[in-house]
Amino acid sequence: MKLAINKIHLGDARDLLAKVELNSIACSVWSPPYFVGKQYEKYLSYEEWISLLRAVIRHHQFLLKPGGFLVINIADILCFADESMPRIQAQNIRRQRCTVTREDVLQAKAHHPDYNRYDLAKLLGCSEQTIDRRLNGNNIRGGKYNTQTRVHLVGSIIESAATEAGLYLYDRRVWVKDAAWENSKWHTLSYRSVDEFEYLYFFWKPGETVVDRHRLTPDEWVEWGSRGVWNIPSVRANNDHEAKFPIELPRRIIKLLTDPGDIVLDCFMGSGSSAVAAIREKRNYIGIELEPKYVEIATRSCVQESEKMALFAQSNINKGSQPNEHTAIQLNGHKQLSLLNEV
Ligand SMILES: C[S@@+](CC[C@H](N)C(=O)[O-])C[C@H]1O[C@@H](n2cnc3c(N)ncnc32)[C@H](O)[C@@H]1O
């Protein structure tokens with residue numbers, strides 16, 4: 001049986017994507033696990049995470065409409081644990097409480113070549129850890145035993161999987177979000193920048209693509225439609241899901257790349273942001289999510305959004321405007337969602 005539209009389906013994307021109608025999806029927009037240690041991705045090793053991304057992307061060669069798009073929102077891994085990295089901890093010169101310098105220790109060592117670090121510490125009036133840090137640049141109390149982390153770029157993983165699936169990198173944009181100072185433990189201890197942007201990779205399935213600038217207003221074209229950098233504030237309250245993207249993000253993608261009535265897919269649905277955006281833009285949607293609690297949250301959000309849209313459409317009708325094709329789609333979607341809610 002094929003997956004019903006306007007519904008969030010519980011299950012693993014790798015299994016359920018095989019049940020999406022062939023060539024039916026105008027735009028698939030999703031944000032997968034980022035492999036950064038979130039609760040919902042703990043079941044994946046690094047190799048399994050890569051194979052999940054590849055398997056999911058592979059399905060898109062069949063389920064996208066010819067000329068349709070897959071848009072992936074993802075970020076590089078900023079703290080990728082790498083066993084092969086030398087374990088040398090950074091020194092923060094401004095934070096050093098002891099004034100003994102590396103040169104002092106080297107000089108003392110030159111005068112007393114037979115001294116060990118305890119003797120040198122006594123001579124210079126400091127701790128033996130200070131001697132060790134000045135000489136080796138690491139922290140004898142544990143830092144040097146921790147696995148060091150580096151930045152790991154994920155774009156090439158995504159691009160090669162898409163290329164193998166017959167999809168072409170059509171565009172890439174950058175989402176500038178709020179700077180996550182509180183998550184950047186390293187920012188006082190290194191020269192690394194704070195985490196404040198993510199990527200949007202647009203892949204195209206060969207086929208005729210409708211380019212219709214009237215999907216956006218002239219102002220929207222100038223402000224974001226034609227721009228490579230999107231400034232959209234992060235979600236303030238991640239209370240019901242650890243990693244929601246703002247509804248404005250999928251809303252722009254959906255509005256730019258699809259028409260009312262088209263089907264939008266999100267196979268890592270989370271709290272339901274892209275389904276809500278699809279409803280708001282009068283598109284149909286299919287959602288897939290592994291965790292039952294998120295299926296429930298996303299379904300509830302969709303029901304609320306559909307009810308809001310139906311009320312709005314009804315009040316317009318009461319005010320005298322004629323229901324149009326899109327009002328009808330929305331009312332129909334709302335009815336389906338209400339039924340779903342009653343089951
Ligand atoms: C980055 S979050 C998506 C957040 C979503 N965009 C939102 O705004 O709420 C990734 C989601 O993928 C789900 N997930 C993880 N593995 C999955 C799988 N194999 N199949 C389907 N969903 C999965 C997680 O439970 C999580 O909700």
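This is a predicted model: local features need pLDDT of at least 70, side-chain atom pairs count only at pLDDT 80 or more; totals for chains, interfaces and linings use all residues.
Residue numbers start from 1 along each chain as its sequence is written.

The sheet is open and consists of eight strands in the order E1-E10-E9-E2-E3-E7-E6-E8, with mixed pairing. Helices (H or I, at least four residues) and strands (E, at least two) are DSSP runs numbered from the N terminus, and two strands pair if DSSP finds at least two bridges between them. Strand E1 (7–10) and strand E8 (229–231) are the edge strands, each pairing on one side only. On average, neighbouring strands of this sheet are turned by 20 degrees against each other, direction ignored. Axes here are lines fitted to C-alpha atoms, for helices over the stretch in contact, and angles run from 0 to 180 degrees between N-to-C directions.

Strand E10 (284–289) runs parallel to E1, to which four bridges join it; Gly287 of E10 is the bridge partner of Ile8. Strand E9 (residues 263–266) is likewise joined to E10 by four bridges and runs parallel to it, with Asn284 in E10 as the bridge partner of Ile263. Between E9 and E10 the chain passes through helix H9 (residues 273–280) in a right-handed β-α-β crossover, meaning that, with the strands pointing away from the viewer, the path from the first strand over the helix to the second runs clockwise.

In a regular strand the side chains alternate between the two faces of the sheet. In E10 both faces are covered: Asn284, Ile286 and Ile288 on one side and Tyr285, Gly287 and Glu289 on the other are all buried (20 or more other C-beta atoms, placed from the backbone, within 10 Å of the residue's own). Helix H10 (residues 292–318) lies across E1 and E10, running at about 175 degrees to E1; contact means C-beta atoms, placed from the backbone, within 7 Å.

Helix H8 (residues 248–257) is largely enclosed by the rest of the structure, because seven of its ten residues are buried. Among them are Leu249, Pro250 and Arg252.

The ligand is surrounded by 22 residues, the closest being Tyr40, Phe268, Gly270, Ser271 and Ser273 (C-beta atom, placed from the backbone, within 6 Å). Helix H1 (13–16) and E10 are the elements that give two or more residues to this shell.

Definitions and conventions. Two residues are in contact if their C-beta atoms, placed from the backbone, lie within 7 Å. A residue is buried if 20 or more other C-beta atoms lie within 10 Å of its own, exposed if 12 or fewer, and partly exposed in between; C-beta atoms are placed from the backbone.
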